[in-house]
Amino acid sequence: MPKAVKRFIGLLGLLTIVSMVTFGAMNFLGDPLFNILGPVAADVDNPESLAAIEEAKAQYHLDKSLPERWARWAWDFIRGDFGVQFSSSGQPPVSDLIKERLPRTLELMAVAQLIAVSLAIPWSVLAASRANRRTDKISTITAFAFVSIPSFAMAVILFYFFSVQLDFLPDTYTANDPFWGFSHDHRLIQLILPGFTLGLGSAAAYQRLLRTDMITTLQQDFILMAKSKGVSKRRVLYSHALRPSLFSLITLLAINIGFMIGGSLVVEQFFRIPGIGSAVVEATLREDFPVVLAVVMIVSAGFMVFNYLADYLYTLVDPRVRHEDSSKPRKITSMGM
Amino acid sequence: MLRETEETETILKLTDYRVGFRTERGLAKAVDGVSLSLKRGSTLAIVGESGSGKTVLNRGVMGLLGANIIEGGSAEFQGKELVNESRQKFWGIKMAMIFQDPMTSLNPVMKVGKQVSEPLRLHQGMSKKAARERTIELFTLVGIPEPAQRFNEYPHQLSGGMRQRVMISIALAIDPDLLIADEPTTSLDVTVQKYILDLLVEIQSKSDMSMIIITHDLGVARGRADEIMVMYGGRVMEMAPAETLFQSMMHPYTEALFSSIPRLNDPKHTRLKPIEGFPPDIVDGPQGCKFAPRCKYAQDICLTAHPPETIDNGHAYSCFFPVGTDAGIQALESNEARGFTATGLKIKSKSEAI
């Protein structure tokens with residue numbers, strides 16, 4: 001069986017397990033009927049209320065057994081129908097909600113990662129080329145500061161300086177504005193502050209990792225060889241040392257993108273970006289299981305897809321992985337999927 | 001090989017050249033006062049055990065040791081002083097280096113063709129196409145089969161011997177005045193060692209470059225080097241024209257080194273004689289002769305004073321009791337008689353002693 005097919009089957013299996021666990025766990029947490037019907041759900045003595053309860057149970061399949069409900073949900077999910085929200089109206093359908101909100105989160109994530117990577121690479125190269133000298137030490141302290149500032153604090157700091165004091169970047173996010181453009185009325189620019197809030201911490205984490213790998217690479221003989229060929233210092237760093245140092249960065253990148261899909265909620269709340277993160281906060285508070293479940297599925301699928309991409313990136317970065325006999329165990333360990 | 005018809009100019013001249021590393025215990029004197037002079041078109045072999053300072057000496061001359069070193073004495077390359085100066089202007093143009101292990105000294109993620117054409121493009125202003133053609137030409141010259149196809153391959157797709165040929169093509173692409181080959185065949189299969197060495201010497205004599213071959217194997221130096229320098233503990237023990245050295249070794253260390261390697265014309269079942277002990281501590285080493293603690297000739301004076309250099313018709317050596325001289329024979333006999341040397345090294349029996 002080709003490797004890609006094997007992996008795809010594994011991915012499906014994992015998603016199934018994740019959905020089962022989440023589905024089961026959500027059921028122990030609370031009574032969704034309360035959200036659907038309001039106070040009526042508790043009024044079991046009144047026959048009128050009881051009738052409404054029975055009706056709602058039937059409508060939302062809450063009278064069925066847990067496995068059957070899961071199977072119904074899964075069958076709909078495969079066909080792209082994520083179910084109805086557990087609210088009095090049940091509107092909009094969960095699929096529509098996701099369709100509306102996911103792109104915003106993905107945009108934010110793309111901007112944040114772009115910022116993180118484009119900061120981390122030159123930063124690591126600079127630090128590694130001056131390992132243990134003053135520049136490196138200052139950059140290490142800076143990196144630890146960025147990593148340890150929580151995102152809500154970072155959001156406040158950046159917001160205060162760049163938006164309030166300097167009035168340099170827009171302070172509002174407007175979901176209806178066009179994305180691509182360079183004025184305050186374009187979402188690309190509106191995403192810069194949230195992007196930095198998420199990206200600075202990641203950049204610092206990437207810097208820690210890439211710096212270490214770069215230092216290791218710079219001690220290799222082939223770096224001496226490149227120097228002795230008269231390759232300039234800059235070229236040695238960027239075209240000889242950088243590429244073989246990227247492995248851990250790619251691994252962390254894949255994990256971190258997954259985290260960001262689900263973990264951007266603080267930033268989304270602060271900058272009022274109606275994305276997946278804020279959707280999941282609202283849904284959890286309302287015990288709106290179908291929404292939570294849909295988001296969980298998206299996050300897990302995202303994790304797996306990005307790890308798959310990371311494995312592909314390894315082969316681009318290092319030809320040794322590409323040409324390796326696939327029956328042999330690999331030296332670099334990805335996360336399995 | 002030296003061309004006798006041409007007037008020979010000195011390419012590299014070291015005078016009391018020293019390299020030290022700062023360590024927590026103090027200064028590690030890896031190279032401790034080496035003097036030599038290398039003429040255009042000639043080959044010098046530097047021989048010694050691991051840790052004798054031969055690699056540090058050459059990387060020091062190349063300026064590849066980084067910032068944490070202290071250099072002393074003088075090293076002149078084509079009349080220009082190198083010590084404490086940047087050597088970047090010579091790299092890839094006038095100086096080139098071949099490293100010991102071709103697997104770790106070729107970039108694993110860069111096509112070998114690109115690695116060879118890099119100096120051509122950077123320093124000789126060749127276009128991408130011209131550099132590619134020249135690289136393929138060089139591959140043919142060093143005996144790489146299917147050179148055009150190899151151009152686009154990565155180091156891991158080539159065998160050790162092929163990789164070392166790639167390294168040699170890099171040196172050839174640079175066409176330097178000085179080529180330093182640091183144990184160029186140590187990591188290779190014996191079957192390709194000879195080919196690679198002969199290739200190096202052939203190229204060297206054709207292009208009139210000077211070459212330093214670093215090796216721990218005296219056999220490698222034989223027949224390929226004009227001069228041989230024997231290093232121990234960062235110092236020069238003995239230095240002589242190659243054939244002179246093989247005919248009359250004056251230093252006990254050279255003799256010991258030579259007895260520790262097998263030779264084809266030895267009688268069957270000849271025992272190899274390893275050199276007892278370990279290379280000296282370069283931070284806090286012996287006071288007198290560095291080799292004294294392992295030397296079968298050692299007398300009291302060897303412990304306290306560093307032997308002066310004796311120069312006899314181009315044959316230089318630093319020893320109080322040189323091999324084959326009256327002093328040497330007497331020293332060895334007295335040590336054998338009492339069963340140990342002045343440093344306390346036990347000598348087993350007369351027949352086994354060298």
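How many residues of domain 1 of chain A are in contact with domain 2 of chain A, and how many residues of domain 2 do they meet? The model is predicted, and the tour begins with this contact.

**Stop 1: the two domains of chain A**

Select residues 3-90 of chain A for domain 1 and residues 95-322 for domain 2. Taken over C-alpha atoms, the centres of these two domains of chain A are 35 Å apart. Where they touch, 21 residues of domain 1 are in contact with 17 residues of domain 2.

Stay on the domain 1 side and select helix H1 (3-29) and helix H2 (32-37) of chain A, the elements that give two or more residues to the side touching domain 2. H1(A) supplies the largest share of that side, 10 residues. Coloured by class, this side of domain 1 of chain A shows 11 nonpolar, eight polar and two charged residues.

**Stop 2: where chain A meets chain B**

Now show both chains. Here 19 residues of chain A are in contact with 24 residues of chain B. On the chain A side, select helix H10 (221-228) and helix H16 (319-322), each of which supplies at least two residues. The largest share of the chain A side, seven residues, comes from H10(A). By class, the side of chain A that touches chain B consists of eight nonpolar, five polar and six charged residues.

**Stop 3: the sheet of chain B**

Move to chain B and display its strands E2, E1, E4 and E5, which form an open sheet in that order with antiparallel pairing. Strand E2 (26-39) and strand E5 (80-81) of chain B are at the edges with a single partner strand each, so one side of each has no neighbour in the sheet.

**Stop 4: a helix pair in chain B**

Finally, select residues 160-174 and 190-207 of chain B, helices H5 and H6, whose axes come within 11 Å and cross at roughly 10 degrees. H5(B) is therefore roughly parallel to H6(B).

Show the side chains between them. B:Gly161, B:Gln164, B:Ile168 and B:Leu172 of H5(B) meet B:Val192, B:Ile196, B:Leu199, B:Leu200 and B:Ile203 of H6(B). This contact of H5(B) with H6(B) has seven nonpolar, two polar and no charged residues.

Conventions. Residues are numbered from 1 along each chain as its sequence is written. Chains are lettered from A and ligands numbered from 1 in the order in which they are written. This is a predicted model: local features need pLDDT of at least 70, side-chain atom pairs count only at pLDDT 80 or more; totals for chains, interfaces and linings use all residues. Two residues are in contact if their C-beta atoms, placed from the backbone, lie within 7 Å. Helices (H or I, at least four residues) and strands (E, at least two) are DSSP runs, numbered from the N terminus. Ala, Val, Leu, Ile, Met, Phe, Trp, Tyr, Cys and Pro count as nonpolar, Asp, Glu, Lys and Arg as charged, and the others, Gly among them, as polar. Axes are lines fitted to C-alpha atoms, for helices over the stretch in contact, and angles run from 0 to 180 degrees between N-to-C directions. Angles under 35 degrees count as roughly parallel, over 145 as roughly antiparallel, 65 to 115 as roughly perpendicular and the rest as oblique. Two strands pair if DSSP finds at least two bridges between them. Domain bounds come from an automatic or database domain assignment.
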